[in-house]
Amino acid sequence: MKRRDLLKGVAFGGVAGAVSLSGFPGIWTGRGTVLAASGDIPVGVLFSQTGAVAVVESTLHDACMMAIEEINDNGGINGRMITPYVEDPASDPATFADRANRLVRRDNVISVFGSYTSASRQAVLPVVEGQNNLYWYPTLYEGRECSRNVMYGGAVPNQQQQDFVPWLKENFGGRFYLLGNDYVYPREENNVCRMILDEIGGEVVNEEYVPMGHDSFSSIVSRIRRDEPDVIFCTLVGDSDVAFQREYRSAGLDPDRMPVASLTRSEVEVAAIGGDAAAGHFSSAPYFMGHESAENERFVEAYLRKYGDDQVTHFVNEAAYFQVYQFKAAVEALNGEELTPTAIRDAAVGLRFQAPQGEVEIDANLHTHLWPKIAQWQSDGQAEVVVESDERMAPEPYWAYEGQVCTANGLENA
Amino acid sequence: MNTGFKIDCIGYGLFAAFVLLVMPWMVDFSGYELNSYARYLALGMVAAALALSWGTAGILNLGQALTFGVGAYIMAMHLKLRASESLPGGMPDFMGWTNVEALPWFWQPFHSLLFTLGAGVLIPVGIACLLGVFMFRGRITGVFVAIITLSLMLAVQLWIISEQRFTGGENGITGLAPLNLFGWSVDTYELSFYYLVAGCLLAGLAVGLGLVRSKAGLVLRAIKADPERVRFFGYDVARYETLAFATSAGIAGVAGMLYALVLEFASPTYMGLSISLAIVIWAAVGGRESMVAAALGGIGVNMAEGRLSDLFFDQWTLMLGVIFIAVVLFLPRGIYGLVATARDYLEARYTERVAMALNREQDDAARPVADRGEVK
Amino acid sequence: MEAWVNEIFIGISLASILLMVAIGLAIIYGTMGVINLAHGQFVMLGAYGAWLLQTQYGVSIVVSLPVVFLVVGLVGFVVERTIIQRLYHRPLDTILATWGIGIVLEQLVRNVFGSSSRYVARPEFLEGGYIILGAHASSYRLFIIFFSLGMLAATWYLLFRTEFGTKLRSVIQNTEISECYGISAKRVYALTFAYGAGLAGIAGALITPLVSVTPTMGTSLVVDAFLVVIVGGVGSLVGTAASALMIGEATAWLSYVLNDTTGRILILLGVIVLIRFRPQGLFPDTVRR
C-alpha cells in the first residue's frame with residue numbers, strides 16, 4: 001500500500017499539469033461502482049453485434065435480452081431486477097476476452113451470458129475461471145470440456161448423433177460423406193460419427209474440411225457426385241453452409257437419394273439458403289421453430305412481435321432464452337442467501353425448466369439434459385419434426401473418450 | 001548530437017513518463033484496467049514496429065501481424081507445455097484428441113523458457129530476413145511489398161488453422177499455465193506485470209531509435225526518399241531494407257509474446273487481415289515517421305476504442321471508421337505531424353524574435369547615446 | 001474425361017466471378033493508382049440493392065442491374081468527390097482511407113438492414129442446367145460467365161472506342177497536358193471511380209444467388225480481387241482477365257486434386273512468387289508512363 005501511495009505521489013509530481021483535471025481518472029475507470037449499492041442483480045450479456053458471426057450471434061443477444069425483459073416486467077427475481085451489462089465483442093476472440101474481463105472484474109457481474117463459437121468460449125474461459133465466475137453458454141458444441149465455471153445449454157455430440165446416425169443409415173444407407181468447416185467442432189463431431197458408424201456397420205467414403213467462410217463448393221460437389229455417398233453428413237456453418245447448399249441444388253443433386261444431414265443447420269441458415277434449396281434435407285437438434293408446444297408457441301409469438309416477422313427462432317437462441325430462466329430459478333432457489341457465481345451454480349444443478357423444446361434439466365456436470373429431434377426442412381423454410389426422442393437425453397461430453405467422465409467434481413478418469 | 005536526436009530523446013523521455021507513471025495513475029495503480037492497459041501497450045509496440053519499417057524505410061508491411069502472431073504462438077506453446085505436464089506424454093490436450101502419438105519434434109524445445117524467449121525474437125527475425133532478402137533483392141517496392149507480405153500472412157494463417165493437430169486450429173492454443181519467469185510467477189493483473197510490458201515496450205523503442213539515429217538509419221531515410229540514388233552511391237539497398245524489416249519483426253515478435261501473456265491464449269486471429277490493417281492505421285494516426293508517436297497511436301486508438309465501445313456500444317466501429325478517414329484526410333502525418341508543425345512554427349517564431357532582437361540591438365548601437373537611454 | 005471437363009468448367013466459373021469483382025477494381029487502380037479497399041463493400045451494397053429490390057418490389061436480379069449500377073455508382077461518385085479526390089498525390093494512404101470507408105459502409109448497412117443473412121432467389125429462367133460433354137453446367141453459372149465477358153467487352157469499348165475513354169487514357173498518360181487541352185481530369189477521375197463502383201455493384205447483385213448476403217461479405221472478396229489485379233498487371237484489362245482465369249483454374253484444380261485449404265495456400269504462395277519475379281504483371285500496360 002505504501003509503495004502504491006509513493007508511486008502515486010511521484011506520478012502527481014511528474015504530471016503537475018494534469019492536476020487541474022481533477023476527477024480525470026474517473027473517465028478511464030468507467031462505470032461499475034454504482035450498482036453495488038442498489039438491490040439489482042448484475043449480469044453480463046456478451047454476444048457479437050458486429051463482425052462475421054453477428055449473423056447468428058445477434059439473434060442470441062435478442063433472445064437473451066427478451067428473457068431478461070420478460071423477467072423484469074414480471075417483477076424481477078424476488079423483487080430484484082436483473083441489470084444487463086451489454087458488450088459487443090465484434091466476433092473477435094481477443095475482444096471477447098477483453099470484454100469478459102470488463103464485465104467480470106470491473107462491473108462485478110455474477111454471471112455472463114454469451115458467445116456462439118468455440119473459439120470465443122475458449123477465449124473467455126481464462127477470465128471466468130480466474131475469477132470463479134459463471135458463464136452461460138447456449139450453443140451446441142464439441143464436448144470434452146468440463147469447466148466448473150460454464151453452464152452448457154446446448155447439445156454435445158452424443159445428444160445430436162446417438163439417434164440421428166443410426167436413423168440415417170436405416171433410411172438412406174451407411175455410406176457417409178463427412179463435410180465440415182475446418183475447426184474443432186466439425187472434426188470432433190466427425191470423430192463421433194465415425195465411431196457410431198463403426199459400431200453399426202456403416203462407412204465413411206470421404207472426410208473433408210474447408211476454411212471458415214469458404215464459399216465455392218463446385219469441386220466438392222463434383223467429388224460428391226463421383227463418390228455417390230448415401231448421406232452427406234454436414235457440419236458446415238454460416239456462409240459456407242449457405243453456399244454449399246445452393247451449389248448442391250444448382251448442380252441438380254437429389255435430396256431423396258443423397259440428403260444432406262446437418263448438425264449445425266438451423267432456421268437462420270435456411271432463411272439465407274432459401275426454402276427451395278433446403279427442402280428435403282435433414283437436421284438434428286433439440287429444438288425447431290415449428291415444434292409444437294404451448295411454451296414454444298408463446299416464445300415464438302413474443303419473439304416475432306418484438307423483433308419482426310422476418311425473424312426466426314432456432315435451437316441456439318432458444319437455449320439463450322431458457323438459460324436466463326434457469327438463472328432465475330437458481331437465484332430463487334438460493335432464497336435470499338448471498339448471490340455468488342458458485343452459489344448460483346450449485347443451486348442450478350438438478351433444476352428443471354419447461355423450455356420451448358420440452359422440460360430441460362441441468363446435470364451435475366453443468367451440461368443440460370435435452371430433447372433430441374430429427375427434422376426435415378420444408379420449402380417454406382420451416383422444419384417438420386420426423387422423429388422425436390421419447391425421453392430426455394443425458395449429456396455426455398466425453399462420450400467418445402473411454403475412461404473419461406465429466407462429473408460434479410470436474411473431469412474424472414475412471 | 002544533432003537536434004533530431006535531441007528531440008527524439010525528449011519525446012522518448014516524455015513517453016516513458018507517460019507509460020510508467022501517468023497511465024497506471026489513471027487507474028489508481030490497480031484493477032483489471034492495468035491488464036487492459038498492458039494489452040494496449042503490447043499493441044502500441046507492434047504499431048511502433050510497423051513505423052520502423054514503414055516510416056523510416058518506406059516499406060509498407062501489410063503482414064506485420066504475421067510476426068506478431070508468431071511471437072504469440074511461441075509464448076503460448078511454452079505455457080501450454082507447462083500446463084500439460086500432468087497429461088499423458090506431456091502432450092497438449094488438443095493433440096490427444098486428434099490422435100497424435102508423441103509430442104512432435106518442433107514442440108520439444110519449447111519446454112525451455114530460455115529457448116522460448118530467444119525464439120520469440122529470433123524466429124520472427126529469421127522469417128523477416130528470408131522474406132526481406134527474397135523481396136528486396138528483386139527490388140520490390142511499394143504496393144507489391146504490401147501484397148506479398150499480406151499474402152504470406154494469409155497463407156500462414158490458413159496453414160495454422162488447418163493443422164489443428166499441431167497448432168490447435170481455429171481455437172488457437174488455449175488453457176495456458178501462468179508464466180514462471182526465473183522463479184517469479186507472473187500474474188497479469190499485477191502492477192509488476194504492467195511494468196514488465198512497459199519495460200519491454202521502452203526497450204523495443206530504444207532499439208528502434210538506436211537504429212534510426214545510427215548511420216544505417218540515415219541510409220534508410222535516404223532509401224525512402226530515393227532508392228535509385230542510394231544504390232548509385234554504392235550502398236547495398238536490399239541489405240539496409242532487410243535490416244529495418246528484420247528489426248521491426250523482432251520487436252513485433254516480443255509484442256506478440258506479451259499479447260499472448262495478457263490474454264492467456266494465442267489465436268489465429270492475431271495474424272489476420274483486420275488486425276494487420278488496424279496496426280497500419282494506429283501507426284498512421286500516431287504518426288508513421290516516429291516510432292514513439294506510432295506507439296502512442298496504438299495505445300491511444302485502443303484506449304479510445306475501449307471507452308467508445310463502452311459509451312456507444314456497437315456504433316463505435318462507425319466512429320472509428322470516420323476518425324480514420326478524417327486522420328488520413330486532414331492529418332496526413334498523424335498526430336506527430338501536428339506536433340511537428342507546432343514545433344516548427346514555435347521555432348520559426350523564436351528565431352524570428354531572436355533575429356528581431358538582434359536587429360534592434362544593432363539599430364540601437366547605430367543610434368546616438370542620448371536616444372538609447374530613452375528607449376530603455 | 002468427364003471430371004476434366006467438369007474441373008475446367010468450374011475453373012472458368014470461379015474465374016468469371018473473380019473477373020466481375022476485379023474489373024471495377026482494375027479500372028480504379030489502373031487509372032488513379034487508388035488502392036480501393038472499400039471495393040468489397042461496394043460489392044456488398046450491390047448485393048443488398050438486389051435483395052431490397054427483390055423483396056420490396058419483386059424485381060428479378062437481372063432487371064435490377066441497371067438500378068444497382070446507378071445507385072452504387074452514385075455512392076462511388078460521392079466517395080470520390082468527398083474523400084478520394086484529396087488523396088491522389090499519396091496513393092498508399094488511400095489504403096487507409098478506403099479501409100475506413102469500408103468500415104463505415106459496413107456499419108451503416110448493418111444499422112439499416114440488420115446483421116441477418118439475406119436470401120435472393122435466382123431468376124426462374126436460369127434455374128436448372130445443361131450437360132456439356134458429360135459435365136454438369138448450371139445455367140446460372142453459364143450466365144455469369146457470359147455476363148462477365150460482356151462486362152469486360154463493354155469496359156474495353158468504353159476505354160478504347162468512346163470519347164470518354166480517349167479522355168481517360170490521355171489523363172492517365174499525362175494529366176497536365178490533357179488539362180491544357182480542356183479535359184477536366186477531376187471530372188474524368190470522378191466518373192471513372194463511379195463506373196468502377198457501379199461495376200462492383202453489378203458483381204454484388206449477380207453473386208447473391210451463390211453466396212449469403214451479409215454486411216461482412218465484402219472483406220474476403222476484395223483480397224482475392226486485389227491479387228487478380230496485381231497479378232494481371234496495372235491498367236491492363238487483358239491481364240486482369242488472364243489472371244482471373246489463371247487463378248480460377250488453379251483454384252479449381254488444386255482443390256480438386258488436393259483440398260480447398262491447401263489449394264488456397266498454394267495459390268497465395270504462387271502469387272507471391274509471381275509478383276516477386278514479374279511485378280509488372282502478366283500483361284503490363286506499355287502505354288502508361
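Mentor: Two residues are in contact if their C-beta atoms, placed from the backbone, lie within 7 Å. This is a predicted model, where local features need pLDDT of at least 70, side-chain atom pairs count only at pLDDT 80 or more, and totals for chains, interfaces and linings use all residues. Residues are numbered from 1 along each chain as its sequence is written, while chains are lettered from A and ligands numbered from 1 in the order in which they are written.

Trainee: What percentage of the contacts in chain B with a separation of 6 or more join residues 24 or more positions apart?

Mentor: In chain B, 78% of those contacts do.

Trainee: How many helices and strands does chain B have?

Mentor: Helices (H or I, at least four residues) and strands (E, at least two) are DSSP runs, numbered from the N terminus. Chain B has 16 helices and two strands, and its C-alpha trace spans about 100 × 55 × 45 Å along the principal axes.

Trainee: Is helix 8 of chain C mostly covered or uncovered?

Mentor: A residue is buried if 20 or more other C-beta atoms lie within 10 Å of its own, exposed if 12 or fewer, and partly exposed in between; C-beta atoms are placed from the backbone. Helix 8 of chain C is mostly covered, with 18 of its 23 residues buried. For chain B, 52% of the 376 residues count as buried.

Trainee: Which helix of chain A gives the largest share of the side that touches chain B?

Mentor: The contact involves 36 residues of chain A and 33 residues of chain B. Helix 4 of chain A gives the largest share of chain A's side, seven residues.
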